[in-house]
Amino acid sequence: MKLKLPRSEFANAFAIAAQVAPVRSPKPILQNVKFIARVDGGELLATDLEVGVRIRVSGLTVDQPGETVLPIARFRNVLADSHDDELELSVTDSGALVKGKSSRIKLATESVAEFPSIADFAESRYHQVPCRVMRELIRRTVYATDNESSRYALGGVLLELTAEKVTAVGTDGRRLAKMEGPASAVGEQPASDQPTIVPTRALQVIERAIGDEGDIKLAARGNDLVVCSEKITLITRLVEGRFPRWRDVFPHRPSAPRIELPAGALADSVKQAAIVTSDESRGVSFRFTEGKLSLQASTAQVGEADVEQVISYSGPELKISLDPRYVLDFLKVLPVEQIVTFELAEGVGPAVLFSDDGRYSYVVMPLNRDR
């Protein structure tokens, strides 16, 4: 193998592939990225045996096609520490040689034959989603998952795919985020009662790799999900377990007051009130009165905060105590100018927040008043 590669672009693709590989593994070969170089382009492959990814790379000048495995930590340092726009890579039985204008680094490599195979996308029945929508779906739900929960199904995002729509849902049991977007079915879709719960880490790789242009293909097959875009093919095992009945989480309150607020201004107010919270006292009190939102927090060892914001509201006084982290998680993935709707009911009950287009909604449970 002998070729020239664009350092910066190759480093970005290598970092995405390396994100899949395990930091520690009883199989040392998995701590490498496999590189396949062809005359018409190349691919970087990585896997931890739960998630596998193929990243397509372009801009290569290939003199001799071939394949090798590159040690992640050392080769990533080679790419990061070089200042050359282009590097030359040649691989022989004795290792990989990387040459720049004023550098020459030789790395030992392991046997390519030991690296596990990673299937390419070959599905005839799948769903197609715009990449921009898919990235938005991931950003607006993945933060609400819980990889540490003993309830294993909470460690991923539920995807519900129909002929015209995709719905993504993430929850950790204390809050729930839901996002909808357009989708289209290609080929006859088999009936299945098995939920498609995609691991958080796999979604983070997808979100980073796909960009905003074009479409992404998704095909659920048994216990796996296969994903393909112009730049990436990813296969992941689905999270096992029963996902909560998320539709039951949204309260039916047709007459509940709804207050509209700009996302950026609300986030600023919540951040200010959250300054005096602590691990032991996380609650911020939200008090809605005519024309005003008051946010109050108090911690004996830290101090007190009282923040006011002018709002358009003329209904009855409403109070709720919420964890500010959860409110900010909802707001930070929205443009600052976007209008969000805060739905509350008198008495005990969750807060429900909506984006003004109705596609993104969020339920967050209240804290006890004394917290």
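In strand 23, serine 321 is the bridge partner of serine 285. The model is predicted: local features need pLDDT of at least 70 and side-chain atom pairs count only at pLDDT 80 or more, while totals for chains, interfaces and linings use all residues. Residues are numbered from 1 along each chain as its sequence is written, and side-chain values use heavy atoms, with hydrogens and water left out.

Strand 20 (residues 284-289) and strand 23 run antiparallel and are joined by five bridges; strands (E, at least two residues) and helices (H or I, at least four) are DSSP runs numbered from the N terminus. Pairing of two strands requires at least two DSSP bridges between them. The two strands belong to an open, antiparallel sheet of four strands in the order 22-21-20-23. Strand 22 (303-310) and strand 23 (318-322) are its edges, each pairing on one side only. From one strand to the next, the twist averages 15°, with axes fitted to C-alpha atoms, for helices over the stretch in contact, and angles from 0 to 180 degrees between N-to-C directions. Helix 5 (residues 263-274) lies across strands 20, 21 (292-299) and 22, at about 165° to strand 22.

Methionine 134 touches Val129, Leu159, Leu203, Ile210, Ile216 and Leu218, residues up to four places away in sequence not being counted; contact means heavy atoms within 4.5 Å.
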